[in-house]
Amino acid sequence: MGGFKRAVGALILSSAGIAAVALWCAVALATPSSPLRLQESTLGFVHVLYDLQRPPLGVVAIAVGMALGFAVSVMVMERRVAVSARRSDRPRMPLAPKLVMAATRGVYAGPVTVTVVIPAHDEEGRLPATLSSLRAQTLPPDRIIVVADNCSDDTVGVARAAGVEVFETVGNTRKKAGALNQALRDLLPGQGENDLVMVMDADTVLGDDFLLAAVRRMTGDRALMSVGGLFYGEEGGGVLGQFQRNEYTRYARDLRRRRGMVFVLTGTASVFRPRALRAVADERGRLLPGIHGDVYDTIALTEDNELTIALKSLGALVISPSECTVVTEIMTTTRSLWVQRLRWQRGALENLAEYGLHTQTWRYWVQQLGITYGIFALFAYLSMLLITFLALDSWVWFPFWLGIGGVFAVERVFTVWRGGWAGRILAALVLPELGYAAFLGAVHLKGMFDITFGRKAEWHHADAALVADKETAA
């Protein structure tokens, strides 16, 4: 497995690199070398130089075609996998809709209940807001269980004072996944078919209608195994916080356009059927990686991503509908953001290494390839801007590229429109968000290189970096 883990990074990096080089060569061969044909004009009191040259239409078609190729590949693959899972009756996919519908037809499993499980490690400060959001639900949960994991603060006291149940872990050394496994091992045996289990972070605030919408979805479709949330960033954090809020707003918009067909069930808040969690635990060590009996793989750096792949590998239907919104924490320093995103990226790659190449993971491979190709394209674009700026003695305007930039700016503003005026203004400036994208691209490539060269991965909670930053400042 260690060798294949390295191959994951090398395969994606080399494939994206070859695609980027192929595009570069196509552009170089199709674009005749010619000097700038500068023209002069005076706009009021401003004297400007400009060049009306544009790339050949063939070059533009090639670039657009390659970008669309990745997008269409993911879309087609997603549709084929979804249709295949719905029609499957193979025993290796026990959560496939066809099998679930047949097993539950004509069976009344009692009224729907919701039990919320909240893993918490030193969360006395944020836990009250999370519990308040649960009590403010239009359909309040039937039970709330705070899983106190190796807490050194008053998380347990805060939870008990709020009147909720507390489950204290014993000897857990496997972080959040290990804490959840202990709690679910105690909870799941008593859960019926309609006794839904919601896992949510202790720093998350739910939209008022989250549980009502999730229960309606689960009641209306017996084959639906999980409902995840659409997450938005909390207020604060300055410009860095606004970058993240814009990013999350665009992600939520993409999911709405995909009608909730989600790649990853967010760990911030997701609702599961007991059948789904039991099936995953039963198949660990056989069809799925991990220890038999565990719902969560304790080796995975990103347990929510891994659980999503596990559920889909067993044929489960999962969605993130637009009605199920959550507000989660944002990283307030570049250091903590780097730690968070590096863990996400490294975890996603290791999940692919664990599951390999099969029907349910191909879309994740194509997605990673598309992201990596996009990063190469972004860095090439920024490099060309810098080279052009350094090579010219005077500032020269290129109307063609200004037009492309204008279209890009409109797209950026439109996709964050729901995020408010601060997000729209930041998006309209374009260049700051390009810088943020370059930062995330550097994190992505760092994760690729780390896994390719076999560097050891560590489970770092972003809060640890945040605390370290505060201590350094003090």
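**Sheet, helix and loop: grounds for the terms**

Tutor: In this predicted model, an open sheet of 7 strands has the order β5-β4-β3-β6-β10-β8-β11, and its pairing is mixed. Strands (E, at least two residues) and helices (H or I, at least four) are DSSP runs, numbered from the N terminus. Local features need pLDDT of at least 70, side-chain atom pairs count only at pLDDT 80 or more, and totals for chains, interfaces and linings use all residues. Residues are numbered from 1 along each chain as its sequence is written, and side-chain values use heavy atoms, with hydrogens and water left out.

Student: What makes β5 and β11 edge strands?

Tutor: β5 (165-168) and β11 (317-319) each pair on one side only. Two strands pair if DSSP finds at least two bridges between them.

Student: Why are β6 and β10 called paired strands?

Tutor: Strand β6 (residues 195-200) is joined to strand β10 (residues 269-272) by 4 bridges. The criterion asks for at least two, so β6 and β10 pair. The two strands run antiparallel, and Val271 in β10 is the bridge partner of Met198.

Student: Which strands does helix α4 touch, and what is its direction relative to β3?

Tutor: Helix α4 (residues 127-135) packs on the sheet in contact with β3 (113-120), β4 (143-148) and β6; contact means heavy atoms within 4.5 Å. The direction of α4 makes about 170° with that of β3. Axes are lines fitted to C-alpha atoms, for helices over the stretch in contact, and angles run from 0 to 180 degrees between N-to-C directions.

Student: How do you know that the buried residues of α14 share a side?

Tutor: In helix α14 (residues 421-428), the buried residues are Gly423, Arg424, Leu426 and Ala427. These residues cover an arc of only 165° around the axis, and therefore lie on the same side of α14. The arc is that of the directions from the helix axis to the C-beta atoms. The face turned away from the buried side carries the exposed residues Trp421 and Ile425. The buried residues pack against α8 (238-257), α13 (399-415) and α15 (431-452).

Student: Why is Thr361 called buried?

Tutor: Buried means under 20% relative accessible area, exposed over 50%, and partly exposed in between (1.4 Å probe, protein chains only). Thr361 has a relative accessible area of 0%, so Thr361 is buried. Thr361 is found in the loop between α11 (334-355) and α12 (362-391). Not counting residues up to four places away in sequence, Thr361 touches Ile309, Leu352, Tyr355 and Gly356.
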